[in-house]
Number of protein chains: 2
Amino acid sequence: MPDESKLQLQLSCGSVVGMEPKPDAITLTAWARLVRTQQVLLERVEADLKQASLPPLRWYDVLLELRRAGAGGLRQFEIGAAVLLNKHNLSRLLDRLEAEGLLQRHVCEEDGRGARVRITAAGRDLLKRMWPVYGGAIAAHFEQYFNDKELRQLAAMLGRIPGVAR
Amino acid sequence: MPDESKLQLQLSCGSVVGMEPKPDAITLTAWARLVRTQQVLLERVEADLKQASLPPLRWYDVLLELRRAGAGGLRQFEIGAAVLLNKHNLSRLLDRLEAEGLLQRHVCEEDGRGARVRITAAGRDLLKRMWPVYGGAIAAHFEQYFNDKELRQLAAMLGRIPGVAR
DNA sequence: GGCATATAGTTGCAATTGCAACCATATAGA
DNA sequence: TCTATATGGTTGCAATTGCAACTATATGCC
């Protein structure tokens with residue numbers, strides 16, 4: 001939500017004469033747009049999901065991760081690492097998903113502390129139902145503004161930030 | 001938090017034979033990285049602010065908006081539009097900032113319903129104190145991975161999404 | 001003027017998130 | 001083996017967010 005044109009103002013205010021400003025104007029514009037892009041796009045995609053009476057994106061992320069893991073399932077900390085959610089919140093998110101019958105927590109053989117989480121048929125079904133809306137939203141709110149080359153560039157650039165590509 | 005490699009899996013599951021998939025693989029990679037970038041970067045920047053015992057980014061955004069507006073101040077809905085925050089939450093965010101003495105709400109001459117919000121000296125001071133940390137975080141977590149040309153490209157591309165550039 | 005509707009902002013309530021403390025099991029070292 | 005520490009996960013509490021209902025003023029239409 002930072003406003004590009006104002007962030008730039010900061011330069012003169014925040015820096016001492018003789019010191020070059022930390023991030024320059026172009027950086028700040030790019031930063032501001034990046035932040036804003038995310039906010040705008042996620043809002044639009046979530047709105048589409050809600051309008052289709054579907055659960056939020058995070059549910060999709062978790063279930064997708066679990067489906068990929070297959071029969072073996074995943075440890076909670078693995079899910080947390082994948083969807084960038086801390087253990088406290090993940091624990092309760094999984095509570096909700098489990099309550100909806102979308103996944104199951106099993107006792108973990110290798111580690112008595114942990115649980116092993118597996119997706120259920122209902123979970124897989126929800127993924128299938130969410131995808132058309134989710135995919136449609138990505139196409140409508142994001143894809144249409146770029147060509148293939150640009151999308152590739154975008155992915156390549158962002159992938160350089162540590163923790164983004166995986 | 002969507003995982004690139006898995007989103008692609010979706011293609012085969014969600015689409016009917018003969019129909020081309022809605023968003024293609026490149027799109028999904030770019031999308032996933034965009035979402036992840038935001039999450040990762042904001043987390044890092046917020047962490048830096050917190051470590052410096054400074055308030056969250058949103059406070060900065062609002063105060064910056066107000067400082068730019070100058071003596072005239074802003075209506076609440078104008079702030080809301082600028083920082084992409086709905087009126088309910090903005091109202092309470094402003095409560096907090098006002099309680100901290102960072103801004104003031106005045107009665108609005110032109111519109112008896114509304115308030116006019118102005119930044120205070122303390123608000124301006126907070127902006128000054130936050131900037132070094134915020135700017136430093138942008139440099140450390142974002143700027144360093146790109147050159148000028150790339151930053152310009154990034155800004156130009158994202159600016160095409162409606163609602164991003166302003 | 002008088003009524004219907006739209007807009008600005010606030011408040012109450014439920015859901016989500018962040019943070020800290022906590023329990024249980026694993027692991028490492030004496 | 002026995003203790004200290006680290007790790008996986010849950011729970012309680014406060015702060016934040018989202019949503020719906022509400023108040024008050026403004027605007028448009030008769």
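**Surface near DNA strand C.** I sorted the residues near DNA strand C by class and got 2 nonpolar, 8 polar and 11 charged. Ala, Val, Leu, Ile, Met, Phe, Trp, Tyr, Cys and Pro count as nonpolar, Asp, Glu, Lys and Arg as charged, and the others, Gly among them, as polar. A residue is near if one of its heavy atoms lies within 4 Å of the strand.

**Ground rules.** This is a predicted model, in which local features need pLDDT of at least 70 and side-chain atom pairs count only at pLDDT 80 or more, while totals for chains, interfaces and linings use all residues. Residues are numbered from 1 along each chain as its sequence is written, chains are lettered from A and ligands numbered from 1 in the order in which they are written, and side-chain values use heavy atoms, with hydrogens and water left out.

**Who comes nearest?** I listed the 21 residues around DNA strand C, and Asn89(A), Gly112(A), Lys50(B), Ser91(B) and Arg113(B) come nearest. Sugar and phosphate make up 57% of the atoms of DNA strand C that come within 4 Å of the protein.

**Polar contacts.** I looked for pairs of N or O atoms within 3.5 Å; within protein, one must be able to donate a hydrogen and the other to accept it, and residues adjacent in sequence count only if both atoms are side-chain atoms. Gly112(A) places a backbone N or O atom 2.5 Å from a phosphate oxygen of DNA strand C.

I then turned to chain A, where 3 strands form an open antiparallel sheet in the order β1-β3-β2. Strands (E, at least two residues) and helices (H or I, at least four) are DSSP runs, numbered from the N terminus, and two strands pair if DSSP finds at least two bridges between them. β1 (74-75) and β2 (103-107) of chain A are at the edges with a single partner strand each, so one side of each has no neighbour in the sheet. β1(A) pairs with β3 (residues 115-119) of chain A over 2 bridges.

**Two copies.** I superposed chain B on chain A by a rotation of 180° with 0.0 Å of shift along its axis, RMSD 0.0 Å. In chain B, Gln38(B) has the C-alpha nearest the axis, 3.2 Å from it.

Methods: Copies are superposed by least squares on the C-alpha atoms of residues with pLDDT of at least 70 in both.
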